[in-house]
Amino acid sequence: MSSKEGSSLKIDRSVKTLRELTLEKMRDAILSAYFKPGERLVERTLCDELGVSRSIVREVLRHLETEGLVESIPHQGPVVATLDADKAAQIYEIRALLEGHAARLCAERADSTLLEQLAVINSQIQAAFRLGDFHGVLEQTSAFYELMFQGSGQTMAWEIVQSLNARINRLRAMTISSTGRAVEAAEEMRLLVDALLKRDAQAAHDASVAHVQRVASIAAKKLTELAENKAELGA
């Protein structure tokens, strides 16, 4: 009998590993600005704060570096990555291209059940906005776009978006807290969802692109202000 008979390599995913929990905690801490841009991430201190081993902390920091949330500085070690205006602009350009195309195809291809699910998720996003639950906004917004890309059939495009997701959410965390953003975002998303439900492909594309362009302008303004404040402090 083969030694492989009766055995299984399947991983039990019903319980998250300590590494996964630590990664989520660290990612949330960066997105919420608990750790500030440029702040050193000292392994020993993180071990004490998180209550995990140094090997887990190192693995998590390496993973966050691949996500663009952490960068390694010579003679200094890992630090929270600084938000870069030029890179942010590029991310928004990529989002506008991919999300606009996905919205168009979703309006054309998705079944009615999926479109109705998008409407429900959008309602949950707006409810989280009203409660000031920014973590909920981020979580539900990610779910909305994942489902929209699924409905469009653009699986490869979604993989590209996922590779940028941590940086997208970091920028999103910055923009959603801006004054009046909840009202603006609700109207922008209403236009997108209405177009999808009506299967108006062009309107869905235009609403998606307009939404991304609006948050891009908010992010650009905030990043400029941050850079100016940093320059003043360093003067």
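Colleague: I'm new to this one. How many cavities of 30 Å³ or more does the structure hold?
Modeller: Keep in mind that this is a predicted model. Counting the cavities of 30 Å³ or more, the structure holds two.

Colleague: How much space lies in the largest cavity, and which residues are closest to its centre?
Modeller: The largest cavity has about 140 Å³ of space. Its lining is made of 14 residues. The closest to the centre are T141, R172, I176, R181 and H211.

Colleague: Which helices each supply at least two residues of that lining, and what classes are the residues?
Modeller: For the largest cavity, the helices are α5 (112-131), α6 (134-152), α8 (165-175), α9 (181-197) and α10 (201-234). By class, the lining of the largest cavity has eight nonpolar, three polar and three charged residues.

Colleague: And the second largest cavity: what lines it?
Modeller: This cavity holds about 40 Å³ of space. By class, its lining divides into four nonpolar, two polar and two charged residues. The names are E99, S142, Y145, W158, V161, N165, I168 and R172.

Colleague: Which helix gives the largest share of the lining of the second largest cavity?
Modeller: Three helices each supply at least two residues here: α6, α7 (155-163) and α8. The largest share is three residues, and the helix behind it is α8.

Colleague: Is the crossing of α6 and α8 left-handed or right-handed, and which residues make the contact?
Modeller: The crossing is right-handed. By class, the contact has three nonpolar, four polar and one charged residues. From α6 come L138, T141, S142 and Y145, and from α8 come N165, N169, R172 and A173.

Colleague: Which helix gives the most to the lining of the largest pocket?
Modeller: Two or more residues come from each of α1 (18-31), α6, α7 and α8. By class, the lining has five nonpolar, five polar and seven charged residues. With six residues, the helix that gives the most is α6.

Colleague: How much space lies in the second largest pocket, and which residues lie nearest its centre?
Modeller: About 450 Å³ of space lies in the second largest pocket. Its lining has 18 residues. Those nearest the centre are P37, L83, R170, L223 and L226.

Colleague: What classes of residue are in the lining of the second largest pocket, and which helix gives the most?
Modeller: By class, that lining has 12 nonpolar, two polar and four charged residues. Each of α1, α8 and α10 supplies at least two residues. With four residues, the helix that gives the most is α10.

Technical notes: Residues numbered from 1 in each chain as written. Predicted model: local features only at pLDDT ≥ 70, side-chain atom pairs only at ≥ 80, totals over all residues. Heavy atoms only, no water. 1 Å grid on protein atoms, 1.4 Å probe; cavity = no way out; pocket = protein on both sides within 12 Å on 5 of 7 lines; lining within 4 Å. Points joined across faces, edges and corners; volume = space filled by probe spheres on them. Nonpolar A, V, L, I, M, F, W, Y, C, P; charged D, E, K, R; others polar. Left-handed = near helix turned anticlockwise from the far one by under 90°. Contact = heavy atoms within 4.5 Å.
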